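Open the model in your viewer and keep the selection tool ready. We will go stop by stop.

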Amino acid sequence: MKSKLCLSIALSAMIFISCKAQKSQSAKIVLTNNSDLELPQKAVLIKRSKLKAKGGEKSFPILLQNSDTIPAQVNDLDGDGKWDELFFVADFSAKEKKTVELKWSDVDPKYVVKTSARFGKREAENLPVQPATEEVLLANQVYKKLGFQKYQTDGPTWENDKVGFRHYLDGRNCKDVFGKRTPGITPENVGINSKGAVEDNYHQMHDWGRDIFPVGTSAGLGGYGLIVGNEINRLGILINDTINNVEKTTFKIVSEGPVNSVLSYKYQNWQASGNKYQVQETASIWPGMYGYKNTVSLNGLKGNETLTIAFSNINNQNPLQVVDSGDYVCFILHDKLTYERQWILGTAIIIPKEAYKGYIEAPKTGKLTNSYLIKVSTKNNQPISYYPIAGWELSADKNFKDSAYFSNYVTSLAKQLSAKITVTVNK
């Protein structure tokens with residue numbers, strides 16, 4: 001116990017000395033919650049240009065409110081080696097004005113890790129999976145054509161302290177859900193065996209949880225497609241297809257930190273209804289929320305297209321709820337939506353009200369089925385952000401077993417997401 005205390009004191013001293021050395025780079029930041037709502041674990045990002053920070057590429061942010069430290073990180077979103085934004089989450093009471101001091105340290109403070117992104121791949125069936133942060137997938141390199149699954153968990157996973165998700169990078173581009181029973185980050189070997197081979201070991205219950213969500217021929221929770229004229233087009237293919245409708249898929253883990261992990265997907269020449277589209281997608285997750293933020297931007301639109309966000313209804317036997325809340329429209333399902341209807345799961349998609357254009361039910365056959373398709377307006381190079389949400393009855397919040405409770409969670413979250421934090425920076 002004494003050694004741990006000494007280590008803590010030594011670390012605090014190093015941070016203090018380092019911060020003191022960089023005092024010229026410190027800044028006072030005033031954060032104002034303009035709403036009448038309490039905002040627990042509200043995400044705040046501040047652009048580097050607003051902070052007017054110089055240098056410090058190898059420094060770590062120390063965000064202080066009185067004597068308390070707010071865990072924070074910087075993100076390099078464009079990959080140029082220079083960070084672009086400061087990111088943190090903080091609790092706000094209604095109408096609260098919070099003053100914090102930003103300092104910089106050469107010592108990594110090692111905050112508790114509450115988000116993670118993971119990706120592993122192998123280049124041949126007899127080779128072990130290796131950790132990776134990026135990938136380029138060509139149209140003829142999909143699962144069925146290769147004859148083996150090259151990706152750990154079929155593609156990348158991302159998680160926070162509440163819930164996890166995965167993306168089928170093998171050409172299918174579905175969004176799946178990992179139910180978490182504990183707040184810790186899941187083990188690195190989920191999806192591989194002791195020899196480093198790809199193995200489906202996550203459809204069995206573990207201490208941390210398991211994959212709980214059937215996807216089938218839907219696009220899962222928050223995948224998407226495009227209606228061109230009257231034709232529904234899926235981004236990607238089904239498992240038995242040997243050629244992708246996307247010429248080139250580029251994936252990258254942009255950032256992985258204690259309070260934010262960011263993943264990027266670039267789809268080049270997506271062939272849909274005889275046209276070719278370019279798509280940029282970004283997934284961002286932070287602590288405290290049973291979901292994540294997904295942002296999609298398209299180029300090549302002719303004017304007769306409608307973007308559709310897919311909301312799987314596999315195993316659902318209850319009515320769909322569509323509820324306005326704040327700046328959003330909430331699509332909510334609550335039933336035994338898990339494999340073999342074994343557990344209760346609430347799922348939701350929170351869509352910006354200004355872009356919402358109604359919804360349809362997907363056809364019973366074809367490339368994109370078993371879903372509600374939420375229609376949203378989109379223009380070339382105009383990003384749209386939405387939030388896939390999943391609340392499992394075995395998660396930390398056991399109240400998700402109750403339908404009314406889950407619905408209230410989703411609509412309250414939508415109102416909290418609508419609330420804005422005003423940021424003022426004083427040197």
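At the start of helix 4, which backbone nitrogen does a side-chain oxygen of Asp402 reach? Select Asp402 and Ala404 to see. The side-chain oxygen of Asp402 comes to within 3.3 Å of the backbone nitrogen of Ala404. Keep in mind that this is a predicted model.

**Stop 1: along helix 4**

Now select residues 403-418, which make up helix 4. Check its length with a distance between the end C-alpha atoms: they are 23 Å apart. With 16 residues at 1.5 Å a residue, the helix should span 22 Å, so the two values agree.

Next, colour the buried residues of helix 4. They are Phe406, Ser407, Tyr409, Val410, Thr411, Leu413, Ala414, Leu417 and Ser418. What do they pack against? Show strand 2, strand 23 (321-325), strand 24 (328-335), strand 25 (345-352) and strand 28; the buried residues of helix 4 pack against these.

**Stop 2: Ser418**

Stay in helix 4 and pick Ser418, which lies in this helix. Is Ser418 buried or exposed? Its relative accessible area is 12%, and the cut-off for buried is under 20%, so Ser418 is buried. Leave aside residues up to four places away in sequence, and Ser418 touches Ser325, Gly326, Asp327 and Tyr328.

**Stop 3: the largest pocket**

Move on to the largest pocket, with a volume of about 1200 Å³. To find its centre, select Ala43, Trp286, Lys293, Tyr387 and Leu417, the closest to that centre among the 45 lining residues. Leu417 is one you have already coloured, as a buried residue of helix 4.

Which elements supply at least two residues each to this lining? Helix 4 does, and so do strand 2 (39-47), strand 6 (85-92), strand 19 (261-272), strand 20 (275-285), strand 21 (293-299), strand 28 (384-392) and strand 29 (421-426). Colour the lining by class: 24 residues are nonpolar, 12 polar and 9 charged.

**Stop 4: the second largest pocket**

The second largest pocket holds about 380 Å³ of space. Select Phe60, Gln73, Val74, Asp108 and Pro258, which lie nearest its centre out of 21 lining residues. Strand 3 (60-65), strand 5 (72-75) and strand 18 (246-256) each give two or more residues to this lining. Which of them gives the most? Strand 5 does, with 3 residues. By class, this lining has 9 nonpolar, 5 polar and 7 charged residues.

Notes
Residues are numbered from 1 along each chain as its sequence is written. This is a predicted model: local features need pLDDT of at least 70, side-chain atom pairs count only at pLDDT 80 or more; totals for chains, interfaces and linings use all residues. Side-chain values use heavy atoms; hydrogens and water are left out. On a 1 Å grid over the protein atoms alone, a cavity is a set of points where a 1.4 Å probe fits but cannot get out, and a pocket is an open set with protein on both sides within 12 Å along at least five of seven lines; lining residues have an atom within 4 Å of a point. Grid points are joined across faces, edges and corners, and a volume is the space filled by probe spheres set on the points. Helices (H or I, at least four residues) and strands (E, at least two) are DSSP runs, numbered from the N terminus. Ala, Val, Leu, Ile, Met, Phe, Trp, Tyr, Cys and Pro count as nonpolar, Asp, Glu, Lys and Arg as charged, and the others, Gly among them, as polar. The expected span of a helix is 1.5 Å times one less than its number of residues. Buried means under 20% relative accessible area, exposed over 50%, partly exposed in between (1.4 Å probe, protein chains only). Contact means heavy atoms within 4.5 Å. A polar contact is a pair of N or O atoms within 3.5 Å; within protein, one must be able to donate a hydrogen and the other to accept it, and residues adjacent in sequence count only if both atoms are side-chain atoms.
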